[in-house]
Amino acid sequence: AGPHDCMNANNASDSAAIGRFIVSQSLAQSADAKRCFAAELRRPEVAPSGGWCCKSSSLWCAGCGHNFLWSGADEHVADNIPLLLGLPKSTAPCERRLPGELEAALCLVDRVSRRLKPLGFVVLDNLSQQEGDLVRSEVQQTGTLIAVEYRSAYGMSLLGFCLRGRRVGEIVSLEGLGDFYTRAGLPGVAAEVHAWHSVRRSPTMGPEAMISRYVKSFDVEDTQMGWLTGILLGYPLWTTAA
């Protein structure tokens, strides 16, 4: 593995700390979500595999759990992504602005390029010019990512990127997600998801919607559809259901 590759870093991740963080952002916030979560685990198609999310654990899998570290829900967690994921320190000879920001950014590029995270955003303000140039170079060298650099409504300089040609329907079953929200007692959300599922041949809505559409136009701070945020950013189901 190269100095910017985080593929093998998960072996050293702090799964206990990551698990506590995810629980704090999901089930602990809602008694209804707790009851729904317990009921989901008793479902025949779920119980043998241990969980609804990615069929690998009762609450989260390594894929979506690690993605959620970039959510910004906890500033301390966001500042310690390299430590939590056990990322190797970059050996790139460049000026460093903030500890760990370069490693976290390079890992994010790697995750998106390997289909572990649909959409990624790097805050360029947290990087030195040299660090930013290195991240841009990594994105370009993948040959598979679409990237857009822009300034958000909050004045932040961002680099957004996703895999070229990837669609919403490749990430999740909208029908299954809508059914889940029905069981979770959220009929309004369920209706919205099912409405998206019924849309056909549209590059902006429904299962054929292009992820690249949201590289710049999608603002996670303003969206009214938490379920769509979860899909696009690869978050655990229960952090959007609670």
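This is a predicted model: local features need pLDDT of at least 70, side-chain atom pairs count only at pLDDT 80 or more; totals for chains, interfaces and linings use all residues.
Local features were taken only where pLDDT is at least 70, and side-chain atom pairs only at pLDDT 80 or more, whereas totals for chains, interfaces and linings use all residues. Residues are numbered from 1 along each chain as its sequence is written, and side-chain values use heavy atoms, with hydrogens and water left out.

The nonpolar core is described first. Such a core is a set of buried Ala, Val, Leu, Ile, Met, Phe, Trp, Tyr and Cys residues joined through side-chain atoms within 4.5 Å. Buried means under 20% relative accessible area, exposed means over 50%, and partly exposed lies in between (1.4 Å probe, protein chains only). The largest core holds 56 residues. Leu69, Val122, Val135, Phe161 and Trp227 have the most contacts inside it. Helix 6 (residues 101–113) supplies the largest share of this core, eight residues. Helices (H or I, at least four residues) and strands (E, at least two) are DSSP runs, numbered from the N terminus.

Contact means heavy atoms within 4.5 Å. With neighbours within four places in sequence left aside, Leu69 touches Ile18, Phe21, Val77, Ala78, Ile81, Leu84 and Leu85. Leu177 lies in helix 8 (residues 174–183). Leu177 is buried, at a relative accessible area of 4%. Leaving aside neighbours within four places in sequence, its contacts are Val172, Val193, Trp227, Ile231 and Leu237. The C-alpha atoms of Leu177 and Ala190 are 7.7 Å apart, although 13 residues separate the two along the chain.

Aromatic rings were examined next. Rings of Phe, Tyr and Trp (its six-membered ring) pair if their centres lie within 6.5 Å; planes under 30 degrees apart count as stacked, over 60 as edge-to-face and the rest as tilted. Trp196 belongs to helix 9 (residues 187–198) and Trp227 to helix 11 (residues 226–233), so the pair ties together parts 31 residues apart in sequence. Trp196 and Trp227 are both buried. Phe21, Phe68 and Tyr235 form one aromatic cluster.

Helix 11 is largely enclosed by the rest of the structure, because seven of its eight residues are buried. The buried residues are Trp227, Leu228, Thr229, Gly230, Ile231, Leu232 and Leu233. Gly234 follows helix 11 and has a positive phi, near 70 degrees.

The sheet comes next. Strands of a sheet pair through backbone hydrogen bonds, either parallel or antiparallel. Here, two strands pair if DSSP finds at least two bridges between them. Three strands form an open sheet in the order 1-3-2, with antiparallel pairing. Strand 1 (119–123) and strand 2 stand at the edges with a single partner strand each, so one side of each lacks a neighbour in the sheet. Neighbouring strands are turned by 20 degrees against each other on average, direction ignored.

Strand 2 (residues 145–151) and strand 3 (residues 157–163) pair in the antiparallel sense over seven bridges. Leu145 is placed opposite Leu163 in strand 3. Five residues lie between the strands of this hairpin, where Gly155 takes a positive phi near 85 degrees. Strand 1 and strand 3 also pair in the antiparallel sense, over five bridges. Val123 has Leu158 of strand 3 as its bridge partner.

Charged side chains complete the picture. A salt bridge is a side-chain nitrogen of Lys or Arg within 4 Å of a carboxyl oxygen of Asp or Glu. Six salt bridges were counted. In the bridge between Glu103 and Arg96, the closest N and O atoms are 2.6 Å apart. Glu103 is buried at 8% relative accessibility, whereas Arg96 is partly exposed at 29%. Arg96, Glu103 and Glu131 are linked in a network of salt bridges. Arg114 and Asp110 form another bridge, at 2.9 Å from N to O. Arg114 is partly exposed, at 29%, and Asp110 is buried, at 11%. Asp133 and Arg136 meet at 2.8 Å, N to O, in a salt bridge. Both residues lie in helix 7 (residues 129–142), three residues apart, about one turn of the helix. Asp133 is partly exposed at 38% relative accessibility, and Arg136 is partly exposed at 26%.

Definitions and conventions. Axes are lines fitted to C-alpha atoms, for helices over the stretch in contact, and angles run from 0 to 180 degrees between N-to-C directions.
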